[in-house]
Amino acid sequence: MAELTREHVRVAVIGTGFGGLGAAVRLRRAGVTDFVLLERADAVGGTWRDNTYPGCACDVPSHLYSFSFAPNAEWPRSFSGQAHIRAYLERVTDTFGLRPHIRFDSEVRSARWDNEALHWEITTSRETLTADLLVSAAGPLSDPRIPDIPGLDAFPGAVFHSARWDHGYDLRGKRVAMIGTGASAIQIVPSIQPEVARLTLFQRTPAWVLPRMDRKISGVEKWLHDKVPATGALRRGALWGLRELQVSAFTKRPAELSVVEALGRWNIRRAIKDPALRARLTPDYRIGCKRILLSNTYYPALAAPNVEVLASGLREVRGSTLVAAGGTSQAGGSGGGTEVEVDAIIFGTGFHVTDMPIAERITGSEGITLAEAWKDGMASLRGASAAGFPNLLTVIGPNSGLGNSSMILMIESHLNYMVDYLRQLDLLGGRNGKAALSARPAAVDAWVDHVQRRLARTVWNTGGCQSWYLDANGRNTTAWPGTTSEFRKETRRVDLAEYQVLRAPASRPSPTTTRNGRLPQTPPPDVVREVPPGGTPAEPSGPCPAPDGEPALAAAPPGASPTPAAGTEGAGEVAA
């Protein structure tokens, strides 16, 4: 009897960060209202909800770090902080009426593809349901990574990751160790340095840090962007265009980055007067190989008398004593073997980017998990579809990350793909049937080979560093080796020649119910048929109408083009 009351939805989306909320808006715009957003926490916001450490802010300009369909004239600064970005996402949620679709405190425990019913069986911490299409928008910055350090479990003081900040612990007057020198660390260090007794930075590899051109956005600018939306679109377009022009230096001609590298060296010299410390903070790899960081306060904080920089990682913990690992200093500076007594340890050691935990919970048509399928490296078609996982789409999947622009641009490209994917399913399934799309292994391999060939000459692969762009096998499975407009073109439409089409005619009633409690008309399949490569269904006669009761969507500002060339479509980056 339990089977008869199990809920069925057209689409289930995992996560309510930029990717999940964007997916929900685009579904409503496409006339799809039979969907749910499954959120493990009690609020929306994704990484901007989870990262609340002191100084948390975005390293992408505010007017480029927002949805193209929801411009924000009220950004307070040119680079906005965590609180303002989270408030923006809350506002998007309410403006577009998304809360009725969200299931809070609903962590996805498992999602298993049913080969006969052609749907996903999803178990969360609260319920079990089925869905025709599963969209994973969990994102690569969801699950913190803390290295396995001998003795860490016995440390008597406070231990926490930057993405799980302990606001109940008072750092004032404490001896604190900061592990890592990534985007979070360069914001945390200057924020806590004035109040701690002693701050020790464990630095395996120094980062390239450039000045942060941040300022308060004036009331006149806000008024102008609000009253004349075209000015906001122009500002966004300029920010986008500048970054598009920079891409070739990262992807084709890394030597051109030497000019930017000279700026980075100047930034170190002007803030760090001690030659030994300056040597420890100067990278020995090409700028851009690791993410370029922005800060005006990081280097001055490191030069303060209560801060020590160890050119080494953390080897082990003995009680309250931290022991540095073998030194990686470029100039033979302090590091390896040093022992430091501390009261608290803060890890700024990144996230599970190339081994996302959600992949362990998704089981495909061949009975293996996505993590098992990706054991030799993440791979998917256009960053969205993995072979052997029908009707599963990932937002910000393999090789869809960026090194110099806004990830919201990439998110919106994947959402375009999602909408066309659903359109193809509707056309293939017909009025009484049901269909599924499964990426052809050959198509996935061809796409991956194409991307990897382009990556071979990029600064991420040739710059001489170890970064989170590379997986455990040294393969770059995260970065996109092109412009955002190129990616937009590659994901504008679903090419059925790249998919196996699974279809089932109407014959038997389905055991699940829809959200309104009625049995759906689409039965489980008794025939699985493959459409020949190149077989494309006819175009629909017209666009889907907007669902009744949906709030008016923000129209494109006058003069704005719907194409990426105008810079009016967006996707998100977190400096976490």
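Select methionine 178, which is found in strand β8 (residues 175–179); strands here are DSSP runs of E with at least two residues, and helices are DSSP runs of H or I with at least four, numbered from the N terminus. The model is a predicted one, in which local features need pLDDT of at least 70, side-chain atom pairs count only at pLDDT 80 or more, and totals for chains, interfaces and linings use all residues. Residues are numbered from 1 along each chain as its sequence is written, and side-chain values use heavy atoms, leaving out hydrogens and water.

Methionine 178 has a relative accessible area of 1% and is therefore buried (under 20%; exposed is over 50%, partly exposed in between, with a 1.4 Å probe and protein chains only). Phenylalanine 347 lies 169 residues away from methionine 178 along the chain, yet their C-alpha atoms are separated by 6.1 Å.

Now move to helix α1 (residues 18–29) and helix α3 (residues 82–95), which pack at an angle of about 20° with their axes 10 Å apart. Axes are lines fitted to C-alpha atoms, for helices over the stretch in contact, and angles run from 0 to 180 degrees between N-to-C directions. The angle makes α1 roughly parallel to α3 (under 35 degrees; over 145 is roughly antiparallel, 65 to 115 roughly perpendicular, the rest oblique).

Select Phe18, Leu21 and Val25 in α1, which meet Ile85, Tyr88, Leu89, Val92 and Thr93 in α3.

Finally, show the whole protein, which has 14 helices and 21 strands. Of its 576 residues, 57% are buried.

Definitions and conventions:
Contact means heavy atoms within 4.5 Å.
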